[in-house]
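Dear colleague,

A short account of the findings comes after it.

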Amino acid sequence: MHKVMRTAVVTALLAIAPIAAQADGQAFITASAGKSHYNGDTGESGTYSYYGIDATERVDKKDTAFGVTGGYRWMIDDVFSIGPEAGFVDLGKLSDRVDATSPGRWTETDRSEIKNKAALLGINAKWMLGHSWSLGLRTGFLHMWSRLRSDVDGVDLYNSPGSRDHYSYKDSSHDNGFYGALNVGYDFTRNFGVTLGYEHYHGDYKSDAGSISQKIGVWAAGAEFRF
């Protein structure tokens, strides 16, 4: 999928290059912020028991996301423009807490979080709908940085009643993935407009224990400055 996305982006840019060479256009910078929601292999909240152990898991899949994107769009005709873009996005974090106990023997609390950031490279297109309204499309590939932190606190209830143990673990991961976004925009002037839309990011967290597929959706509002 990643190779297909890269090939599609490069092909699109090569296809518009001859037209863009003769077309007018504008550079732009967009700043956006919104709410991220994690899907994929990210676990679910619930209560369960196994081998005499009772556990309750709470998964928080929502956080704040923000990003900055810059690029250029060439006017292909009166209503359609297209061009390349590059940017950076902070996708917030996924948080997980597990409270486990073996009755009369021990209790343990495990708090974990995965934070994700990504660099973006792709294409963007804009269709003017009339009366200053527009429809925007963005797609391309990303390079994601993921950081895991886990803190485990345990209490011995049997061998050494009241004794406490603490353990911390950190890890990081890099992966290439893809992104796509669709938004509705409104232009107040030729050089300034706002957008509201949905963004999707897909990148895996990889470790020796395996991979976690991270599919992250973001509802975001943005402000675009053109020059």
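This is a predicted model: local features need pLDDT of at least 70, side-chain atom pairs count only at pLDDT 80 or more; totals for chains, interfaces and linings use all residues.

I begin with the cavity. The structure holds 1 cavity of 30 Å³ or more, and the volume of the largest cavity is about 360 Å³. Its lining comprises 36 residues. Nearest the centre of the largest cavity lie Thr30, Arg138, Asn183, Thr195 and Glu224. Two or more lining residues come from each of the following elements: strand S1 (25-40), strand S4 (62-75), strand S5 (80-102), S6, S7, S8, strand S9 (192-207) and strand S10 (210-226). S9 gives the largest share of this lining, with 7 residues. By residue class, the lining of the largest cavity divides into 15 nonpolar, 13 polar and 8 charged residues.

I turn next to the surface. A nonpolar patch is formed there by Trp127, Leu129, Trp133, Leu137, Leu182 and Val184. Together, these residues have about 570 Å² of accessible area. Strand S6 (106-130), strand S7 (133-156) and strand S8 (163-189) are the elements that give two or more residues to the nonpolar patch.

Trp127 belongs to strand S6.

With kind regards

Methods:
Residues are numbered from 1 along each chain as its sequence is written. Side-chain values use heavy atoms; hydrogens and water are left out. Patches are made of residues with over 30% relative accessible area and no salt bridge: like charges are joined within 9 Å, nonpolar side chains (Val, Leu, Ile, Met, Phe, Trp, Tyr) within 5 Å. Accessible areas come from the Shrake-Rupley method with a 1.4 Å probe; for residues, only the protein chains shown count as cover. A salt bridge is a side-chain nitrogen of Lys or Arg within 4 Å of a carboxyl oxygen of Asp or Glu. Helices (H or I, at least four residues) and strands (E, at least two) are DSSP runs, numbered from the N terminus. On a 1 Å grid over the protein atoms alone, a cavity is a set of points where a 1.4 Å probe fits but cannot get out, and a pocket is an open set with protein on both sides within 12 Å along at least five of seven lines; lining residues have an atom within 4 Å of a point. Grid points are joined across faces, edges and corners, and a volume is the space filled by probe spheres set on the points. Ala, Val, Leu, Ile, Met, Phe, Trp, Tyr, Cys and Pro count as nonpolar, Asp, Glu, Lys and Arg as charged, and the others, Gly among them, as polar.
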